[in-house]
Structure formats: C-alpha cells, structure tokens
Amino acid sequence: MQKSIRIISILLLLNLMSLFSFGEEYNYSSKKLTINGYYKNIFSSSQTTGNKKSFFSELNRLRLKINFKPVSFLEFNISLDNEFLFHDFYNASDFDIIRQKNQKNLAFIDGDYVSRDKKHAYIRHSIYRVYLKYKKDNLCLILGKQNIDFSRMRFFGPLDLFNPTSPLELEQDEKIGVDALNLEYFLNHFSSLNIILAPYKTLEKTKFGIRFIGKLNDYDLTVVLGEFDKDEVFGFGFDGYFFNAGLRAEITYTYPDNKNKFFRSAIGMDYTPSTKLYLLGEYFYNGKASGNDLNLFLSSYQYAQKMRSFNEHLLGFMAKYEFTPLITFSNWLIYDIDGKSIFLNPQISYNVFTNLDFSLGTQFFWGKTNTEFGSYENLYYTELKYFF
C-alpha cells in the first residue's frame, strides 16, 4: 500500500507540473530540462471472442515525459502515464488480456498501480519509462526501464527477444519497458558490442543477451547470443539494399530447456516507387508454433508472446500512400498460409494541425476456427493524439 501511495503521489505531482509545460518556461528544448508529452484517445468497438457480444472501449491516456541532462554525457528520463479506460466488457475473457499487460506480470520492477478495476472503468497509473543514461566517448550505459528491441522487421521479428508484441496490437509503438542494465561499447563508427542483463523475479525468466553489430559493404549485420526465459538463443540478421529496394532478414536458433530446439526466420523487402507510395512485404516462419492450443493462445498474453504466432507460415504486406502532406492511407495485411486466414487493417490518418493527429481504421478477420485469425472479431477504431 505504501508503494502504491508513493507512486500515485509522484504521478500527481508530476502531472500537475505538466500543466506548466504549455507555457514558454518548460515547453522548449533546453540544455538541461525538457518537459513534454501527449494526450491520446482511442475509441474502439468490436465483439467478444467468447459469446460474440458487442462491446466498446475508450482509452484516455495522459503521458508526461521529463528529460534532465545536467551534463553532456549524463541524462535522466522518466515517462509517466495516467490511463482511464471506459468499457462495457468487464466480465469477458477479452478484458483479462488488458489486465495481463501489467508490469506486475511482465517486468522486474512493478511500476503500475491500478486504482480502479470495476464495471465500466479501469484506471491505471504507470511509470512507463525511467532510466539513467551515460554516454561518453565509445561507451553508452543505460540503467532502468527502457525499450529494447534487436529486430528490424515490421511484422514478426525473430530478434525481438526481450518483449515481443503482436502486429495485431492497435498501438504498435507502445511496449512495456524492460528493466535492464544495457551496456554498449562502440568499436568504431560502424560496429559495436552490446551486453544486456534484464533480471526478473525468478531466475528462470531472467534474460541475458549479447549483440554484435557490424557492417559489410552496404549491409548492417547483427549477431545475437543469449538466454531468454531459460532458452538459449543464437540469432543473426542483416539489413541493407538490393538495387533500389530495402532488404532485411533475421533468423534465430533456440535451444529450450526441454531440448526441443527450433528456429524462427523472417525475410522482407520494401520499396518506394514514388515519393508518395511505400510498399513492404515480409515472410515469417515460426518453428515454435504448435497450432494445437488455440484457447491458451487467445487467453494468455505471456503465452502468446512466447509462441509469437499460432501457425508456422505467415506473409505480411503493407502499402502506405500519401494523398497530401496531411492525409495518409495505410493498409496492413497478414495471410496465414497454413490455415488460409486473413488479417486486414486499413487506416487513414489526418494531421489536423501541427500538434494534433487523427486516425480512423478497422481490423478485419477472415478464416475458419483453429486458424491464425479465424477466432477474432472485426474491430473499428478512432485515435486522437495531441502532443504538447
């Protein structure tokens, strides 16, 4: 209880400070202190996967970001969230997934406090990011809750080993932070050695990784070694160009504790035929996918994180077109080769003015039961995001 009170007190104090960030005193990029953030509203409507009952969800999030840089080589960052989720599917299993996305379950240090979990209202206060960063000469050291992602793929990334997310997530850029010691030593301008230790409450879920980044001609190369949830992993990736198109690939070979080794791989290519059009295609192979426990895959966020996908072979495509500098249309599509199911996510975004973005989108699912996307229901959403 004392911990919860301390967290709420800090959040309230700093959010009161955010009121001043609209003024000239704080809302600027100074050498020492920067305070900014955003307010986001996401309204969505769909049906529950169990009884197919219609529901709505409205997320309101206020995020405050503070960056303090007393000297050139040292900086402190903290991001605080206040989330108010109004909904009408409290008793549905779908809402349990939201509850499971909690730092109490997914992080070493629990930076979340749920002040209300009642019918129609779910209120959570979070320390989204908090870390100290030291960077001088060839050394960079980051200690605290941070985002760590080794992958450069757009859909499913085999090298996203610390906290992978599903491409079906509405907020692709939002990830629960990894509590870690992150040390990177730059050998030269094109290569570095990265060592990361991410402890957890139990030794079995502690993660440790070593990454080497180098360059060969026009290709960035990545080699990863580590232990993730007691699984020994070796990975390799490259990112570069093939004529005028971007080309990237990743592969991981995993030796689980039960010795049933498997590998994952992904290869993708993107191309910009004009200044307004961007095209992307990727293939993902998941040797871990079992295809035989759909209920657990749909009901357990941690299990779905570990499995990545329900079936082995997936194709992803994305097209993005800029009608005007203010209006952009994007369309994401994933095809489940094994089950012949489809996920489609068209979205149109409008930059209303400098600090305000509005998006309107849908998620469509087609497929039979026991396929990758056959059990999901169509979802419709709007997003409003204001930066300050």
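## Salt bridges

A salt bridge here is a side-chain nitrogen of Lys or Arg within 4 Å of a carboxyl oxygen of Asp or Glu. With that cut-off, Arg-124 forms a salt bridge with Glu-83, and the closest N and O atoms are 2.9 Å apart. The two sit in distant parts of the chain, 41 residues apart: Arg-124 is in strand S5 and Glu-83 in strand S3. (Strands are DSSP runs of E with at least two residues, numbered from the N terminus.) Both Arg-124 and Glu-83 are buried, where buried means under 20% relative accessible area, exposed means over 50%, and partly exposed is in between, using a 1.4 Å probe and protein chains only. Salt bridges with shared partners tie Lys-40, Arg-61, Arg-63, Asp-81, Glu-83, Asp-112, Arg-124, Glu-171 and Glu-174 into one network.

Two other pairs from that list are worth a look. Arg-63 and Glu-174 meet through their side chains in a salt bridge of 2.8 Å, N to O. That pair links distant parts of the chain, with Arg-63 in strand S2 and Glu-174 in the loop between S6 and strand S7 (178–186), 111 residues apart. Arg-63 counts as buried because its relative accessibility is 3%, and Glu-174 is buried too, at 14%. Asp-81 and Arg-61 make a salt bridge at 3.9 Å, N to O. Here the partners are 20 residues apart, Asp-81 in strand S3 (residues 74–87) and Arg-61 in strand S2 (residues 54–71), and both Asp-81 and Arg-61 are buried. Over the whole structure, the search finds 21 salt bridges.

## What the model is

This is a predicted model, so to speak of local features pLDDT has to be at least 70 and side-chain atom pairs count only at pLDDT 80 or more, while totals for chains, interfaces and linings use all residues. Residues are numbered from 1 along each chain as its sequence is written, and side-chain values use heavy atoms, with hydrogens and water left out.

## Aromatic pairs

Rings of Phe, Tyr and Trp (its six-membered ring) pair if their centres lie within 6.5 Å; planes under 30 degrees apart are stacked, over 60 edge-to-face, and the rest tilted. The whole-structure search finds 22 aromatic pairs. Tyr-38 and Phe-387 form an edge-to-face one, at 6.4 Å centre to centre and 65° between the planes. Tyr-38 is in strand S1 (residues 33–47) and Phe-387 in strand S19 (residues 379–387), 349 residues apart, so to say distant parts of the chain. Tyr-38 counts as buried at 2% relative accessibility, whereas Phe-387 is partly exposed at 32%.Tyr-253 and Phe-263 give a stacked pair, 6.5 Å centre to centre with 20° between the planes. Tyr-253 lies in strand S12 and Phe-263 in strand S13 (residues 262–271), so this pair ties together parts that are ten residues apart in sequence. Both ends are partly exposed, Tyr-253 at 29% relative accessibility and Phe-263 at 34%. Elsewhere, ring pairs link Phe-55, Phe-89, Phe-95 and Tyr-122 into a cluster.

## Strand pairing

Two strands pair if DSSP finds at least two bridges between them. Strand S8 (residues 192–198) and strand S9 (residues 207–216) run antiparallel and are joined by seven bridges, with Leu-193 opposite Phe-212 in S9. S9 also pairs with S10 in the antiparallel sense, over ten bridges, and there Ile-213 stands opposite Thr-222 in S10. S9 and S10 form a hairpin with two residues between them, and Asn-217 in the turn has a positive phi of about 55°.

## Positive phi in loops

Most residues other than glycine have a negative phi. Asp-137 is not a glycine, yet its phi is positive, at about 55°. Asp-137 lies in the loop between strand S5 (121–136) and strand S6 (139–146), and is exposed at 72% relative accessible area. Lys-340 likewise has a positive phi, about 60°, without being a glycine. Lys-340 sits in the loop between strand S16 (327–336) and strand S17 (341–353) and is exposed, with a relative accessible area of 59%.

## The cavity

A cavity is a set of points on a 1 Å grid over the protein atoms alone where a 1.4 Å probe fits but cannot get out, and lining residues have an atom within 4 Å of a point. Grid points are joined across faces, edges and corners, and the volume is the space filled by probe spheres set on the points. This gives one cavity of 30 Å³ or more, and the largest cavity has a volume of about 70 Å³.

The residues lining the largest cavity include Phe-150, Arg-152, Asp-220, Thr-222 and Glu-250. Strand S10 (219–228), strand S11 (231–242) and strand S12 (245–255) each supply at least two residues of that lining. By class, the lining has five nonpolar, two polar and five charged residues; Ala, Val, Leu, Ile, Met, Phe, Trp, Tyr, Cys and Pro count as nonpolar, Asp, Glu, Lys and Arg as charged, and the others, Gly among them, as polar.

Notes: Helices (H or I, at least four residues) and strands (E, at least two) are DSSP runs, numbered from the N terminus. On a 1 Å grid over the protein atoms alone, a cavity is a set of points where a 1.4 Å probe fits but cannot get out, and a pocket is an open set with protein on both sides within 12 Å along at least five of seven lines; lining residues have an atom within 4 Å of a point.
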